[in-house]
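Trainee: I would like to learn how to read a protein model carefully, one question at a time. Could we go through this one together?

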Amino acid sequence: MQDRKTFYITTPIYYPSGKLHIGNTYTTVAADTMARFKKMTGYDTYFLTGTDEHGQKIERRAQEAGKDPQTFVDEIVADTKKLWQLMDVEYDVFMRTTDPDHVKAIQRIFRRMLDQDDIYRSVYEGQYCASCEAFWTATQLVDGHGCPDCGKPTELVQEESYFFRMSKYQDWLIQYIEDHPEFIQPPSRANEMLQNFLRPGLQDLCVSRTTFSWGVPVDFDPKHVVYVWIDALFNYVTALGYMGDDDTLLQKYWPAQVQLVGKDIVRFHTIYWPIMLHSLGLPLPRQVFAHGWLLFGNDKMSKSKGNVVYPPPIVARYGADALRYYLMREMPFGADGNYTNRALLNRINSDLANDLGNLVRRTTAMLDKYFGGVIPAPNAYEAVDQALIDKTEALPPAFEEEMDALQFSQALQEVWRVVSECNRYIDLTQPWVLGRDESGTPRLQTVLYVLAEAIRVIGVLIYPVMPTTSRRIHQQLGIEDEALTTWDSINTFGALPSGGKVQQGEALFPRIDIEKDLAELEQGDQPEPEPEPTVPETPAKPEIAFDDFEKLSMKVARVISCEAMAGSDKLLQFRLSLGQEERTVLSGIAKYHDPATLVGRKVILLCNLAPRKIRGVVSEGMLLSAENPDGSLYLLFADDQVQEGAEIG
RNA sequence: CGCGGGGUAGAGCAGUUCGGUAGCUCGUCGGGCUCAUAACCCGGAGGUCGAGGGUUCAAGUCCCUCCCCCGCAACCA
């Protein structure tokens with residue numbers, strides 16, 4: 001066993017079905033910042049990130065790309081690693097769920113769960129939607145037989161499956177969460193889980209699939225693959241050798257101190273994961289911390305909206321440190337935050353260029369000008385000096401406290417308070433006045449020493465967030481001794497020896513012409529929206545015979561009236577005329593159509609669809625509409641020449 | 001009454017645990033300084049803290065009701 005305190009931190013393992021964006025970057029940078037901080041403060045730190053490479057979606061994406069799944073994920077993984085390198089992320093292990101050791105371990109885990117009767121084999125009888133390839137529970141179904149995803153009829157399918165007895169552990173977990181308020185952070189997430197899932201009662205979880213093969217095979221029943229969440233969640237321990245040949249790392253690092261997750265996967269990490277760990281006799285992670293989403297403006301980032309932000313162009317312009325700083329500084333960790341280019345550029349200019357960069361520049365410039373670049377020894381401190389010294393000495397403990405709570409934004413705020421103090425100190429002491437004649441030299445020596453030392457401290461503290469800038473600052477101060485860049489070296493003020501030679505370098509962060517860069521960034525963003533693969537999302541339908549088509553009766557109908565349905569934000573209720581008869585039809589297009597504008601228009605109705613009761617109203621047919629890749633729906637209209645009731649065929 | 005989060009200066013946010021002068025950053029206006037990246041420092045203007053009611057000597061903070069926004073869920077034949 002180690003004497004040193006250990007600290008194990010994980011990011012989620014990302015699903016490599018496409019390029020990683022700034023949201024994933026946010027989580028990973030946070031983990032990296034934390035890991036660097038803990039390393040710096042003396043912890044034996046282990047930092048895991050990786051990729052979750054199994055599952056149907058990957059299988060399908062690979063197929064579309066004409067590659068086998070392994071090749072497909074290999075390529076994306078290579079990109080992912082490049083991104084982390086670009087962002088200066090130093091993980092200790094990059095976990096891939098296709099790693100053979102991991103696969104073997106998952107198989108053992110699965111068998112062990114079966115052996116101890118936490119997993120049982122049963123027949124899954126469920127409503128299956130062939131088009132979505134998903135099972136739905138009775139309560140999820142639309143009016144008994146419609147797929148909640150695509151609305152198409154589901155069919156009753158029986159399938160052999162393995163189930164995990166979640167229900168068995170639910171009371172234990174409720175108790176655990178109540179006894180460990182720090183386990184789920186922020187606390188509102190614990191509430192959410194308790195209220196939505198735990199208290200209403202857990203269903204046993206279906207933990208195997210037979211509908212696809214890209215996964216970890218169940219070794220004793222090879223037509224099944226292990227449910228991807230078991231496969232994925234356990235990476236956090238298989239990476240340490242759990243159920244492998246050598247579990248030294250597991251002994252040393254497990255349980256994790258912090259597992260970072262996005263708010264969308266809180267449920268998996270705070271319900272299924274703890275239960276499964278517990279069932280295997282493993283301790284739970286100390287904390288699962290759910291951070292918020294990075295929104296773009298106020299919109300959710302999504303590929304179809306074309307507003308996804310990718311880091312590389314930003315890093316190319318401003319450097320990884322600037323982006324890392326922005327991500328960690330702009331929003332409190334845990335809440336949703338906004339990403340905007342303007343906010344990023346504002347931060348860079350005001351915090352990094354004006355406050356920090358300029359402070360370093362003016363200090364080193366004065367050292368150059370007055371002392372030939374040599375750091376002088378201080379003389380007696382006066383009140384004004386002592387005030388700044390006190391604040392600088394108080395900084396590391398305050399910083400550590402905020403960091404330990406993962407309040408990166410607060411931690412940085414503390415540092416910047418002192419940056420500001422330094423700038424103010426220069427105004428108060430007026431070194432340029434002191435430099436006018438020799439009588440001022442003793443004070444000038446003190447003032448510039450205090451500044452240099454304060455900046456050294458700041459340089460150390462920003463290291464977890466901005467490793468490169470930290471190094472550059474120390475370089476500019478002429479610090480060569482590594483010992484002067486450590487956490488311990490900033491406990492007391494004054495470790496910086498005099499006599500060092502300052503090296504004025506380039507501006508740390510050149511000021512940005514915001515309006516100009518903003519325009520260029522928007523330009524550069526244009527080609528970014530991914531050519532959203534429209535085809536793949538809707539799997540091709542099988543060829544049909546003419547007879548099949550003949551079964552459909554479609555007619556042109558005139559809209560007599562149309563109004564939004566009370567209590568629904570999606571449904572419009574139509575009264576339609578088919579010439580001879582009238583019908584009531586509901587359609588879920590309220591978000592995209594103003595009912596008033598539809599009256600009198602000629603639409604296309606599928607007439608011989610079985611009537612269906614929705615929200616208490618019987619819908620007699622379906623209006624044809626077209627769906628965009630982003631899910632927006634638009635009615636199809638017939639030409640005015642066509643009479644109502646006209647047959648379509 | 002599905003669950004949760006939120007509504008505080010022009011913008012973005014903190015403060016609400018445990019009531020006691022409404023704060024920070026950016027922007028804006030005025031002043032100062034010249035070491036510095038047109039940067040830095042000081043000061044001003046700007047808020048009935050979503051609405052209404054209640055408790056209290058005192059409410060952004062506690063209680064009740066309501067409105068609006070955002071996720072999830074549900075619903076899109």
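Mentor: Let us begin with a term: a residue counts as buried when its relative accessible area is under 20%. Please keep in mind throughout that this is a predicted model.

Trainee: With that cut-off in hand, what percentage of the residues in chain A is buried?

Mentor: Chain A has 22 helices and 24 strands. Its length is 649 residues, and the share of them that is buried comes to 51%.

Trainee: Among contacts in chain A between residues at least 6 apart in sequence, what share joins residues at least 24 apart?

Mentor: A contact here means that heavy atoms lie within 4.5 Å. Of the contacts in chain A between residues at least 6 apart in sequence, those that join residues at least 24 apart make up 74%.

Trainee: Is Leu461 buried or exposed?

Mentor: Leu461 lies in helix H17, and when neighbours within four places in sequence are left aside, it is in contact with Leu395, Pro396, Phe399, Val415, Trp487 and Ile490. Because its relative accessibility is 0%, Leu461 counts as buried.

Trainee: How far apart in space are Leu280 and Ala365, C-alpha to C-alpha?

Mentor: Leu280 sits in the loop between helix H10 (266–279) and strand S12 (288–291), and it counts as buried because its relative accessibility is 6%. Beyond residues up to four places away in sequence, it touches Ile109, Arg112, Met113, Gln116, Phe234 and Tyr242. Ala365 is 85 residues from Leu280 in sequence, and the distance between their C-alpha atoms is 62 Å.

Trainee: Which residues are closest to the centre of the second largest pocket?

Mentor: The second largest pocket has a volume of about 440 Å³. Its lining is made of 20 residues, and the closest to its centre are Tyr463, Arg471, His474, Glu482 and Thr485.

Trainee: Which helix gives the largest share of the lining of the second largest pocket?

Mentor: Domain 1 (6–309) and domain 2 (351–490) each contribute at least three residues to this lining, which divides into six nonpolar, six polar and eight charged residues. Helix H1 (22–40), helix H17 (441–461) and helix H18 (467–476) each supply at least two of the lining residues. The largest share, five residues, comes from H1.

Trainee: Which residues of H18 are buried?

Mentor: The cover over the buried residues of H18 includes H1, helix H12 (320–330), helix H13 (341–371) and H17. After H18 comes Gly478, which has a positive phi near 75°. The buried residues in H18 are Pro467, Thr469, Ser470, Ile473, His474 and Gln476.

Trainee: Where is Met243, which has a positive phi although it is not a glycine?

Mentor: The phi of Met243 is about 60°. Because its relative accessibility is 17%, below the 20% limit, Met243 counts as buried. Its place is in the loop between helix H8 (235–238) and H9.

Trainee: Which two residues does a cis peptide bond join?

Mentor: Most peptide bonds are trans. In this model there is a cis bond with an omega of about 5°, and the proline in it is found in the loop between helix H9 (248–253) and strand S11 (258–262). The two residues joined by that bond are Trp254 and Pro255.

Trainee: How many disulfides does the structure hold?

Mentor: A disulfide is a covalent bond between the sulfur atoms of two cysteines. Cys422 counts as buried because its relative accessibility is 0%, and Cys562 counts as buried because its value is 10%. The number of disulfides in the structure is zero.

Terms used
Residues numbered from 1 in each chain as written. Chains lettered and ligands numbered in written order. Predicted model: local features only at pLDDT ≥ 70, side-chain atom pairs only at ≥ 80, totals over all residues. Heavy atoms only, no water. 1 Å grid on protein atoms, 1.4 Å probe; cavity = no way out; pocket = protein on both sides within 12 Å on 5 of 7 lines; lining within 4 Å. Points joined across faces, edges and corners; volume = space filled by probe spheres on them. Helix = DSSP H or I, 4+ residues; strand = E, 2+ residues; numbered from the N terminus. Nonpolar A, V, L, I, M, F, W, Y, C, P; charged D, E, K, R; others polar. Domains from an automatic or database assignment. Buried < 20%, exposed > 50% of the residue type's maximum accessible area, 1.4 Å probe, protein only. Disulfide = S-S within 2.5 Å.
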